[in-house]
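Keep the picture in view as you read.

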2 protein chains.
Amino acid sequence: MIAIEDKFKSYLKSKGLKFTPEREAILKEIFSFHGHFNVDGLYERLLRHNKNISRATIYRTLPLLVKNGLIEETFHCQDKSNYEHIFGHKHHDHMLCIGCGKVVGFREEEIEKLQEMVCKKYDFHSIKHKLGIKGYCKECYKKFKNNKA
Amino acid sequence: MIAIEDKFKSYLKSKGLKFTPEREAILKEIFSFHGHFNVDGLYERLLRHNKNISRATIYRTLPLLVKNGLIEETFHCQDKSNYEHIFGHKHHDHMLCIGCGKVVGFREEEIEKLQEMVCKKYDFHSIKHKLGIKGYCKECYKKFKNNKA
DNA sequence: CTAAATGCAAATGCTTTGCAATTCC
DNA sequence: GGAATTGCAAAGCATTTGCATTTAG
């Protein structure tokens with residue numbers, strides 16, 4: 001956590017921005033939780049921890065954390081913006097269960113390599129990529145099959 | 001085009017819905033154009049072809065086309081919903097250039113296979129997947145490098 | 001001290017919806 | 001004829017923004 005905070009502090013300093021209590025609380029709340037989150041969820045978790053921080057401030061802080069490489073927007077065909085913290089994690093992709101909403105992260109080296117190859121083939125300079133697979137997890141697939149029959 | 005229209009007609013009939021001139025125009029407009037589109041773009045193209053169809057109707061029609069498997073929502077980290085028509089095309093993934101906004105579709109059998117393998121490994125029953133790569137195309141990368149230097 | 005940050009409330013922009021009039025089947 | 005569809009305008013929602021006030025450095 002110290003490393004994360006330092007990273008964010010350096011980033012802010014380099015841009016002439018301030019490390020405020022609000023930003024500190026947001027950062028801590030995000031990194032105290034594993035999994036994906038959206039603005040509303042984060043807002044409510046902060047409230048529960050007695051941090052009454054306005055949504056506006058959250059909306060203004062998240063892009064800073066993204067630019068600093070601490071969090072990332074995830075995307076699986078949902079409406080609201082979703083984020084997850086990525087500092088210290090290797091890039092991974094996601095499987096999203098339509099049944100229960102569960103999100104499972106996975107990393108497959110071969111897929112990563114192949115993507116690099118494809119980019120070379122097309123002379124495309126990749127910055128980042130996202131792979132999302134939608135379907136049913138084991139449990140939901142069982143239910144689904146039974147309901148169908 | 002006849003095949004597409006028939007597919008849509010059967011779908012509508014099977015759901016007790018109607019094939020209206022508006023739906024016909026929307027369908028034709030979508031399939032007369034290659035590439036990605038959003039509601040506003042489609043609305044304006046329809047206008048230019050003297051079809052004054054309200055956005056509400058477009059918003060109500062697109063989900064039908066999605067359910068019918070004629071179009072698909074694409075997703076590359078943009079805000080507005082984006083679609084592309086998919087009937088008669090094999091599934092493909094996308095590369096999105098941050099510089100010029102160009103979207104290039106590609107299909108890589110190996111990646112498709114690997115994804116199936118990953119799903120098996122996790123006992124996940126995939127319905128669909130989306131892979132988006134963000135970066136710079138050849139031309140924009142050149143500019144980008146020069147500006148940086 | 002002073003530029004940056006905060007919270008509020010208003011504004012924005014995409015999408016959805018209620019409703020009366022119309023149209024397909 | 002009657003359920004489905006349309007267009008309009010209003011409503012919804014997530015997100016952004018202007019502004020007066022507060023605060024970090």
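How many residues does the contact take from chain A and from chain B? The contact takes 36 residues from chain A and 36 residues from chain B. Contact here means heavy atoms within 4.5 Å.

This is a predicted model, in which local features need pLDDT of at least 70, side-chain atom pairs count only at pLDDT 80 or more, and totals for chains, interfaces and linings use all residues. Residues are numbered from 1 along each chain as its sequence is written, chains are lettered from A and ligands numbered from 1 in the order in which they are written, and side-chain values use heavy atoms, with hydrogens and water left out.

## Chain A

Chain A has 6 helices and 5 strands. Helices (H or I, at least four residues) and strands (E, at least two) are DSSP runs, numbered from the N terminus. From that end, the elements of chain A run α-α-α-α-β-β-β-β-α-β-α. The C-alpha atoms of chain A fill a box of roughly 55 × 45 × 25 Å, taken along the principal axes.

Chain A has 149 residues, and 40% of them count as buried. Buried means under 20% relative accessible area, exposed means over 50%, and partly exposed lies in between (1.4 Å probe, protein chains only). Take the contacts in chain A between residues at least 6 apart in sequence: 50% of these join residues at least 24 apart.

## Where the chains meet

The size of an interface is often given as the accessible area lost when the parts come together. Chain A and chain B bury about 3200 Å² between them. Carbon and sulfur atoms hold 74% of that area. Buried area is the accessible area (1.4 Å probe) that two parts lose on being put together, summed over both.

The rule finds 4 salt bridges across the interface of chain A and chain B. A salt bridge is a side-chain nitrogen of Lys or Arg within 4 Å of a carboxyl oxygen of Asp or Glu. The side chains of K121(A) and E108(B) meet in a salt bridge, at 3.1 Å from N to O.

Which elements give two or more residues to the side of chain A that touches chain B? They are strand 3 (93-97), strand 4 (103-106), helix 5 (109-121), strand 5 (125-136) and helix 6 (138-148) of chain A. Strand 5 of chain A gives the most, with 12 residues. By class, this side of chain A has 20 nonpolar, 8 polar and 8 charged residues. Ala, Val, Leu, Ile, Met, Phe, Trp, Tyr, Cys and Pro count as nonpolar, Asp, Glu, Lys and Arg as charged, and the others, Gly among them, as polar.

## Around the DNA

Now turn to the DNA strands. 20 residues surround DNA strand D. The closest are Y59(A), T20(B), R23(B), T57(B) and R60(B). Sugar and phosphate account for 69% of the atoms of DNA strand D that come within 4 Å of the protein. A residue is near a strand if one of its heavy atoms lies within 4 Å of it. Helix 4 (55-67) of chain A, and helix 2 (21-31) and helix 4 (55-67) of chain B, each supply at least two residues of the surface near DNA strand D.

DNA strand C also has 20 residues around it, and T20(A), R23(A), T57(A), R60(A) and Y59(B) come nearest.

| Side chain (N or O atom) | DNA atom | Distance |
|---|---|---|
| K18(A) | base nitrogen, DNA strand D | 3.2 Å |
| Y59(A) | phosphate oxygen, DNA strand D | 2.3 Å |
| K18(B) | base nitrogen, DNA strand D | 3.0 Å |
| R23(A) | phosphate oxygen, DNA strand C | 2.5 Å |
| R60(A) | base nitrogen, DNA strand C | 2.8 Å |

H94(B) is found in strand 3 (residues 93-97) of chain B. Is H94(B) buried or exposed? H94(B) counts as buried because its relative accessibility is 8%. The side chain of H94(B) makes a polar contact with the side chain of E84(B), at 3.1 Å.

D123(A) is found in the loop between helix 5 and strand 5 of chain A. D123(A) has a positive phi of about 55°, although it is not a glycine. At 34% relative accessibility, D123(A) counts as partly exposed.

Definitions and conventions: Polar contact = N/O pair within 3.5 Å; in protein donor to acceptor, adjacent residues only side chain to side chain.
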